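Biologist: Could you take me through this structure? I would like to begin with the ligand and then look at other features.

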Amino acid sequence: MPGPETSQRGLARVLVVGAGAMGSQIAMVFALAGHDVILQDITESGLATARNQLEERMDATVAKGRMTAGTARQALNRLTCTTDLGEAASSADFVIEAATEKLAIKQHIFAELDRLAPPHAILATNSSTLGSSKVAKVTRRPGQVCNVHFFNPALVMKCVEVVRHPETTQATVDTVMELVRTIGKQPVLLSREIPGFVANRLMGVLRDEALSLLDAGIASTEDIDTAAKTALGHPMGPFELMDLVGIDVNCMIAEATYAETGNPTDLPHPMIREMYEAGRLGRKSGKGWYDYETPQDDRIHKTGTTL
Ligand code: 3HC
């Protein structure tokens with residue numbers, strides 16, 4: 001884990017907009033790397049939940065002997081939470097937006113950030129489906145806008161996709177690639193925008209095949225997941241991964257991708273839509289493809305045919 005001295009000169013102050021699962025862990029990644037971080041969200045309750053979860057996560061890391069209590073405390077002290085976007089943006093060198101995957105919301109945030117952040121600040125979006133050209137166009141600094149896409153759980157996953165749009169300057173790309181390296185992540189550069197970027201496109205192929213195998217009654221969710229893990233060496237099977245990412249997030253990503261491509265095969269799979277409408281959102285709601293509410297030993301239920 002990089003120490004405070006490694007925080008990239010010139011990009012010391014980081015603002016993360018959106019305190020959900022992604023935004024909160026992205027903020028912690030930067031704080032652990034020595035940056036002063038402000039985590040902004042529209043609700044105090046969202047910020048309090050994020051702070052509690054990060055504190056619990058850091059306590060667990062310390063308890064496992066992976067980090068000293070002092071390092072964890074210093075990093076948490078570098079992380080400030082606020083609902084005030086104006087105050088948060090006024091001193092930011094680098095902003096990463098991790099709000100809801102809705103274009104209108106993101107464009108509103110970027111117009112505000114452009115107005116509120118210093119002229120030198122780079123504005124990035126964590127979106128995996130909306131190319132940054134769509135938010136860059138509401139700013140007066142399109143050359144300083146790009147996608148910087150982290151993976152869930154952001155504290156653990158090494159990869160960060162950096163995606164330029166036609167107007168992103170080379171200086172912005174170089175600065176962001178270096179920034180990603182200094183926070184201990186592995187950047188992957190995409191030379192142009194494409195919905196889903198690289199990793200989600202790969203994941204989508206596996207997910208769609210898993211859903212069609214289940215739909216056709218070929219194998220259960222557990223057996224498909226077991227095959228992915230024990231035959232292919234994946235850390236999680238496709239159904240477990242959908243539950244981790246969130247059925248709602250899967251649904252929103254599919255809808256945003258369809259809005260971009262107009263290709264009906266990009267729409268959410270009917271089983272995903274049905275689960276979303278039934279509130280079976282995965283780990284976050286206690287039930288998804290698997291049941292997380294019942295004791296560990298008998299928590300696994302096949303749900304694909306009994307929705
Ligand atoms: N948040 C933070 N840290 C977590 C975590 C979480 N939700 N879940 C697990 N961890 C940490 C643990 O604390 C542990 O840390 P340690 O090494 O310091 O002890 C480490 O991860 C390993 O955890 P476990 O031993 O409990 O369990 P696993 O070995 O099974 O690892 C996993 C859990 C890291 C989640 C692993 O299963 C994995 O890599 N799964 C695949 C995740 C993946 O594919 N993510 C990408 C999703 S797609 C995406 O995000 C894109 C977006 O646009 C949708």
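This is a predicted model: local features need pLDDT of at least 70, side-chain atom pairs count only at pLDDT 80 or more; totals for chains, interfaces and linings use all residues.

Biologist: Which residues come nearest to the ligand?

Modeller: The ligand has 18 residues around it, and those that come nearest are Q25, K64, R66, H149 and N152.

Biologist: What is the make-up of that shell by class?

Modeller: The shell around the ligand holds ten nonpolar, five polar and three charged residues. Among the helices, α8 (199-215) and α10 (238-245) each supply at least two residues of this shell.

Biologist: Why does the ligand lie between domain 1 and domain 2?

Modeller: The ligand lies between them because domain 1 (7-190) and domain 2 (200-297) both give residues to the shell around it.

Biologist: How much of the ligand's accessible area does the protein cover?

Modeller: On its own the ligand has 1,000 Å² of accessible area, and the protein covers 67% of that.

Biologist: Back to N152. Is the peptide bond from N152 to P153 cis or trans?

Modeller: That bond is cis, with omega near 0°. P153 is placed in the loop between β6 (145-149) and β7 (159-163).

Biologist: Where is F197, and what is its phi?

Modeller: F197 is in the loop between β8 (186-190) and α8. Its phi is near 55°, a positive value in a residue other than glycine. For context, most residues other than glycine have a negative phi, and most peptide bonds are trans.

Biologist: Changing topic, how much space lies in the second largest pocket?

Modeller: The second largest pocket holds about 170 Å³ of space.

Biologist: Which residues line it?

Modeller: The lining of the second largest pocket consists of E101, K102, L103, L130, K134, M252, E255, A256, A259 and E260. By class, five are nonpolar, none is polar and five are charged.

Biologist: Which helix gives the largest share of that lining?

Modeller: Helix α11 (residues 247-261) gives the largest share, with five residues.

Biologist: And which domains does the lining draw on?

Modeller: The lining of the second largest pocket takes at least three residues from each of domain 1 (7-190) and domain 2 (200-297).

Methods:
Residues are numbered from 1 along each chain as its sequence is written. Side-chain values use heavy atoms; hydrogens and water are left out. On a 1 Å grid over the protein atoms alone, a cavity is a set of points where a 1.4 Å probe fits but cannot get out, and a pocket is an open set with protein on both sides within 12 Å along at least five of seven lines; lining residues have an atom within 4 Å of a point. Grid points are joined across faces, edges and corners, and a volume is the space filled by probe spheres set on the points. Helices (H or I, at least four residues) and strands (E, at least two) are DSSP runs, numbered from the N terminus. Ala, Val, Leu, Ile, Met, Phe, Trp, Tyr, Cys and Pro count as nonpolar, Asp, Glu, Lys and Arg as charged, and the others, Gly among them, as polar. Domain bounds come from an automatic or database domain assignment. A residue is near a molecule or strand if one of its heavy atoms lies within 4 Å of it. Accessible areas come from the Shrake-Rupley method with a 1.4 Å probe; for residues, only the protein chains shown count as cover.
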